[in-house]
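Here are my notes on the model you passed along. Have it open while you read, and go through the points in order.

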Amino acid sequence: MEVIQQRLQEIYQQHFKTLPKYFARAPGRVNLIGEHTDYNDGFVFPMAIDLSIWIAFTPNQQRHIRVVAADFESEIHDIDLANIESDREGWWEYIKGMANELQTHFSCDLMGFDAVILSDVPIGAGLSSSAAFELAIARALVQTNKIEWRPVLMAQLAQRAENKWVGVNCGIMDQLISAVGEENHAVLIDCRDLTHESIPLPKNTAVVIMDTSTRRGLVDSHYNERREQCLQAAEALGLPALRDATLDDLPKLKTLVDETVFKRARHVITENERTLCAKQAMLDNDAPALGELFKQSHLSLANDFAVTNAALDSIVGIANGLTACFGARMTGAGFGGCAVALVAADEVERFCDDVSKRYHEVMGLNAAIFAVEAVDGVSLYLLDA
């Protein structure tokens with residue numbers, strides 16, 4: 001934390017000739033289980049991780065956000081809050097979308113800030129860098145404009161910004177976990193009513209991220225198509241969402257929709273069940289049971305939901321073949337990105353080395369493999385406080 005804050009201060013001073021007043025941090029996330037269930041009003045089980053989007057900022061008493069994204073470019077980008085218009089693409093669209101939602105919700109004219117943004121969340125890896133970005137921007141805008149910070153509401157507004165402004169029909173999970181994460185815990189979220197419960201991770205285990213070095217773009221992927229297929233299945237059953245379907249509904253559904261839509265629905269229905277079972281496994285401190293649920297989830301995502309790729313299947317297969325691993329699965333939207341493994345804590349280093357070596361032998365790619373810790377959600381820091 002101190003290293004990234006120091007770098008932020010240096011970059012901020014280069015551009016704005018002074019030190020920032022505040023830091024805002026919004027963590028990325030890894031979803032332990034419950035994939036493609038969030039936009040079906042289902043259950044998810046993510047944890048906020050110690051990789052974050054950071055913003056160093058100072059309110060500027062103007063209706064402009066002047067911001068430098070140090071990871072992308074060195075120029076100051078100016079956003080006019082009195083005239084927010086979409087450019088269709090660019091990292092600054094997330095800022096515009098978040099500002100637009102806050103102005104609309106609170107019926108106010110937002111004042112802006114001068115800022116530098118820095119991230120150690122891998123972009124496009126399925127660790128929710130975009131949601132973290134939205135929440136960090138929200139935290140800075142809320143502080144600048146003396147608005148009460150309400151984590152669940154801010155997550156909802158951030159989701160709306162991504163849906164309406166960026167054009168990705170994501171569910172609420174990514175934004176909500178970034179807002180409400182808890183140190184040393186995963187958070188079981190009911191995506192229908194947004195109730196959430198923090199559950200401690202199994203003792204003597206570690207969560208390991210396995211980045212396949214393959215990427216996908218959500219807008220250009222089949223993500224929105226999967227969402228439409230799920231809606232079609234729910235409508236065929238006369239239900240508000242697939243959250244309301246059970247295993248007993250599958251025989252009837254099979255007669256109502258084509259095979260592809262049926263398989264998409266079967267994944268969501270069984271994944272909701274696995275996610276609730278994961279809560280009990282964690283409460284029982286049963287790492288093997290939790291790991292088995294990971295394995296079942298990956299098979300369902302590969303065979304029924306069809307959102308894995310060769311790289312994900314390869315790295316998950318390698319991980320599941322090692323004795324240190326209780327279970328592994330793809331995580332995130334899929335089509336590339338990362339997998340997650342539950343590993344014996346005292347064997348993490350060897351596990352990471354073995355998976356990296358074998359993955360390179362099979363795929364010819366270098367994987368970034370590292371353990372992550374569960375952290376608190378969005379935080380605000382006063383410089384030198």
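1. A definition to start: buried means under 20% relative accessible area, exposed over 50%, and partly exposed in between, with a 1.4 Å probe and protein chains only. On that scale Ala345 is partly exposed, because its relative accessible area is 39%.

2. Some housekeeping. This is a predicted model, where local features need pLDDT of at least 70 and side-chain atom pairs count only at pLDDT 80 or more, while totals for chains, interfaces and linings use all residues. Residues are numbered from 1 along each chain as its sequence is written, and side-chain values use heavy atoms, with hydrogens and water left out.

3. Back to Ala345: you'll find it in the loop between β11 (338–344) and α11 (348–363). Helices (H or I, at least four residues) and strands (E, at least two) are DSSP runs, numbered from the N terminus. Leaving aside residues up to four places away in sequence, Ala345 touches Asn204, Thr205 and Ala206; contact means heavy atoms within 4.5 Å.

4. Now the open sheet: six strands in the order β5-β4-β6-β3-β1-β13, with mixed pairing. Two strands pair if DSSP finds at least two bridges between them. β5 (77–80) and β13 (379–382) are the edge strands, each with a single partner, so one side of each has no neighbour in the sheet. Inside it, β4 (residues 64–69) and β6 (residues 113–119) run parallel over four bridges, and Val67 stands opposite Ala115 in β6.

5. What lies across this sheet? Helix α3 (residues 129–144) does, over β1 (22–31), β3 (46–59), β4, β6 and β13, at about 40° to β3. Axes are lines fitted to C-alpha atoms, for helices over the stretch in contact, and angles run from 0 to 180 degrees between N-to-C directions.

6. On to the rings: the structure holds seven aromatic pairs. Rings of Phe, Tyr and Trp (its six-membered ring) pair if their centres lie within 6.5 Å; planes under 30 degrees apart are stacked, over 60 edge-to-face, the rest tilted. Phe23 and Trp54 have ring centres 6.4 Å apart and planes at 80°, so theirs is an edge-to-face pair. Phe23 sits in β1 and Trp54 in β3, so the pair ties together parts 31 residues apart in sequence. Both residues are buried.

7. Tyr94 and Phe133 make a tilted pair, 5.9 Å centre to centre with 45° between the planes. Tyr94 is in helix α2 (residues 92–106) and Phe133 in helix α3, 39 residues apart. Phe133 counts as buried because its relative accessible area is 9%.
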